[in-house]
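Here is a short briefing on the structure shown below.

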Amino acid sequence: ADNDDALDECSLNILKTASFTLNARQKFFRLAFGVDSKKTQMEELVKICRNYLQTCTNRTDDFNLSLQGVRSEMAKFVCLGIMTAAEVCIRGGNIEISVNKDNMVIAVSSAFNLSAAKIAVYNDIINGSKINEELPQYAHLLYMRNLLGKDVKMQLSNDDKNMQIVIG
């Protein structure tokens with residue numbers, strides 16, 4: 001309507017981007033926060049996670065994703081881990097989720113400094129401290145901490161361009 005009911009190439013590109021973003025995030029958030037009503041295949045999980053990460057960057061600063069030892073039954077924790085890692089990146093980076101018999105590791109590295117302020121709040125959440133921040137910004141980590149329970153150990157380590165969370 002704003003364009004006299006004409007659909008030009010610029011408007012079409014905006015609609016395509018918006019549609020992709022909505023679809024990618026809807027699928028991802030259903031896995032991360034929804035009820036596990038069906039088992040997601042590993043190929044589909046990887047596709048959903050990569051599509052989500054494409055919606056978190058500006059097309060020049062991509063995310064690289066590596067999943068090691070992950071099974072499709074872990075989809076909820078994988079998605080929450082990916083959100084946790086992606087949220088501290090200012091401009092893209094490398095995200096790796098690895099699982100072995102002893103623990104799960106969420107690691108992120110970037111060519112740019114990570115958000116020190118978010119990492120400080122993450123550390124408070126992991127250590128069980130009450131946070132005074134906007135809770136929705138940290139829903140992914142708060143939910144993961146709640147799902148894991150207080151008895152499951154979590155440790156965070158970081159420097160300017162790297163963060164690692166070890167669970168277990």
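Is isoleucine 90 buried or exposed? Isoleucine 90 is exposed, because its relative accessible area of 59% lies over the 50% cut-off. The model is predicted.

**Isoleucine 90**
- Isoleucine 90 sits in the loop that runs between α3 and β2 (93-99).
- Leaving out residues up to four places away in sequence, isoleucine 90 touches Asn113 and Ser115.
- Cysteine 56 is 34 residues from isoleucine 90 in sequence. The C-alpha to C-alpha separation of the two is 9.9 Å.

**Nonpolar core**
- The largest nonpolar core counts 45 residues.
- Ile82, Ile95 and Met163 have the most contacts inside this core.
- Helix α3 (residues 75-87) gives the most to the core, namely eight residues.
- Methionine 163 has contacts with Thr84, Ala85 and Val88, among others, when residues up to four places away in sequence are not counted.
- Under that same exclusion, the residues touched by methionine 163 also include Ile106, Ala107, Val108, Leu114, Ile119 and Tyr122.
- Leu156, Ser157 and Asn158 complete the list for methionine 163.

**Salt bridges**
- The count of salt bridges is two.
- In one of them, the side chains of glutamate 87 and lysine 118 meet at 2.9 Å, N to O.
- This pair links distant parts of the chain, with glutamate 87 in helix α3 and lysine 118 in helix α4 (residues 116-126). The partners are 31 residues apart.
- Lysine 118 is buried, because its relative accessible area of 16% is under the 20% cut-off.
- Glutamate 87 counts as partly exposed, at 29% relative accessibility.
- The side chains of arginine 71 and glutamate 73 also form a salt bridge, at 3.0 Å, N to O.
- Arginine 71 is partly exposed, with a relative accessible area of 49%.
- Glutamate 73 is partly exposed as well, with a relative accessible area of 48%.

**Aromatic pairs**
- The structure holds six aromatic pairs.
- The ring centres of phenylalanine 29 and tyrosine 52 are 5.9 Å apart. Their planes stand at 65 degrees, so this pair is edge-to-face.
- Phenylalanine 29 belongs to helix α1 (residues 9-33) and tyrosine 52 to helix α2 (residues 42-54). The pair links distant parts of the chain, 23 residues apart.
- Tyrosine 52 counts as buried, at 2% relative accessibility.
- Phenylalanine 29 counts as partly exposed, at 31% relative accessibility.
- The ring centres of phenylalanine 33 and tyrosine 143 are 5.5 Å apart. Their planes are at 25 degrees, so the pair is stacked.
- Phenylalanine 33 is partly exposed, with a relative accessible area of 34%.
- Tyrosine 143 counts as partly exposed, at 24% relative accessibility.
- One aromatic cluster is formed by Phe28, Phe29, Phe33, Tyr52 and Tyr143.

Key: Residues numbered from 1 in each chain as written. Predicted model: local features only at pLDDT ≥ 70, side-chain atom pairs only at ≥ 80, totals over all residues. Heavy atoms only, no water. Core = buried A, V, L, I, M, F, W, Y, C linked by side-chain atoms within 4.5 Å. Buried < 20%, exposed > 50% of the residue type's maximum accessible area, 1.4 Å probe, protein only. Helix = DSSP H or I, 4+ residues; strand = E, 2+ residues; numbered from the N terminus. Contact = heavy atoms within 4.5 Å. Salt bridge = Lys/Arg side-chain N within 4 Å of Asp/Glu carboxyl O. Phe/Tyr/Trp six-rings, centres within 6.5 Å; stacked < 30°, edge-to-face > 60°.
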